[in-house]
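Please examine the sequence and the structure shown below. The briefing that follows is grouped by topic.

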Amino acid sequence: MGKVGIGLNLEAVRTSHKSFEWGVQFAAEIGYEYIEPMVHWGRELLSEARYFHSVSMLDDPFRVRDEVEKHGLKLSALSSHSQASKPEIAVEYLKQAARFAKEAGAPIINTHEGHKQPWTTKEEDFVLIRYSLMEALKVCERRGIKIGFEMHQTYSLIPELYDRCLNLVDSPNLGANFDTGNAYLGGEDPHEWLNRVRDRVIHIHAKDISVEQSDAERGKVMGTAVGCACGEGVIDWERIVSICRSVPQDIVLSVECGTLDQAERSFTHLKSIIG
């Protein structure tokens with residue numbers, strides 16, 4: 001059995017207008033073992049002014065590595081979401097993310113297929129997604145970096161089509177970044193779905209969904225940015241952890257919540273289960 005770790009996706013500090021460095025220290029002080037930063041192309045005002053947690057891939061990757069090591073943390077993955085159905089975005093974005101991840105020390109880069117374009121057919125979309133993944137994986141494989149493909153949009157929220165996405169490229173470096181909250185909001189049982197893809201899972205977004213959000217949005221939206229505190233919603237975390245422990249490799253539960261208080265409560269709840 002693999003080890004189950006607890007990490008924090010730095011989306012938790014987004015609404016607090018804090019920097020990447022602040023977020024790393026915050027996660028360490030709570031007791032998290034891992035973090036999942038977000039990276040982006042180019043430059044923009046908020047990150048440069050240190051009011052936003054995302055890191056530009058034009059920065060030195062050692063900025064990320066050194067800050068994480070200073071606080072005794074590890075990187076579980078990089079949130080490098082680009083739209084795989086748009087190769088003009090995804091190919092170079094993911095290739096750069098793979099190079100950045102290698103130097104920063106992150107083993108996984110996470111992405112998804114993106115929004116459906118009105119001018120393409122379903123079959124055309126799968127060709128575009130395959131092209132993006134194939135080109136990115138050429139860079140990933142040489143560096144030992146994996147792509148975590150997340151269920152988030154048009155096709156990946158349907159289990160059979162998510163399987164198809166995971167099988168578009170025959171590569172050991174392509175796996176599932178399973179998002180418990182997105183799976184639930186898509187109308188599926190996330191526990192059963194996780195068990196279904198357990199052999200492909202390499203990373204998990206630990207996202208809980210409140211009863212209020214469930215009543216308002218389940219079956220009506222394609223994923224959600226963040227959830228409520230783990231343990232305060234509809235997800236059975238003891239069951240999720242049990243499935244993760246049956247996976248032969250180590251798995252990190254990367255908490256995706258919306259506030260600092262939720263990040264603290266999520267850690268307390270998951271820690272009580274994992275030990």
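In helix 4 of this predicted model, the buried residues (under 20% relative accessible area with a 1.4 Å probe, protein chains only; over 50% is exposed, and in between is partly exposed) include Pro 87, Ala 90, Val 91, Leu 94, Ala 97 and Ala 101. Lys 95 and Gln 96 are also among them. Helices are DSSP runs of H or I with at least four residues, numbered from the N terminus.

**Helix 4: span and end**
- Helix 4 covers residues 87-104, which is 18 residues.
- From its first C-alpha to its last, helix 4 reaches 25 Å, close to the 26 Å expected at 1.5 Å a residue; the expected span is 1.5 Å times one less than the number of residues.
- Gly 105 follows helix 4 and has a positive phi, near 100°.

**Helix 1 and helix 11**
- Helix 1 (residues 20-30) packs with helix 11 (residues 260-274) at an angle of about 35°, and their axes are 10 Å apart. Axes are lines fitted to C-alpha atoms, for helices over the stretch in contact, and angles run from 0 to 180 degrees between N-to-C directions.
- Trp 22, Phe 26 and Ile 30 in helix 1 meet Leu 260, Ala 263, Glu 264 and Phe 267 in helix 11, where contact means heavy atoms within 4.5 Å.

**Gln 213**
- Gln 213 lies in helix 9 (residues 211-217) and is buried, at 17% relative accessible area.
- Leaving out residues up to four places away in sequence, Gln 213 touches Leu 185, Arg 218, Thr 224 and Val 226.

**Basis of the values**
- Residues are numbered from 1 along each chain as its sequence is written, and side-chain values use heavy atoms, with hydrogens and water left out.
- In this predicted model, local features need pLDDT of at least 70, and side-chain atom pairs count only at pLDDT 80 or more, while totals for chains, interfaces and linings use all residues.

Key. Helix = DSSP H or I, 4+ residues; strand = E, 2+ residues; numbered from the N terminus.
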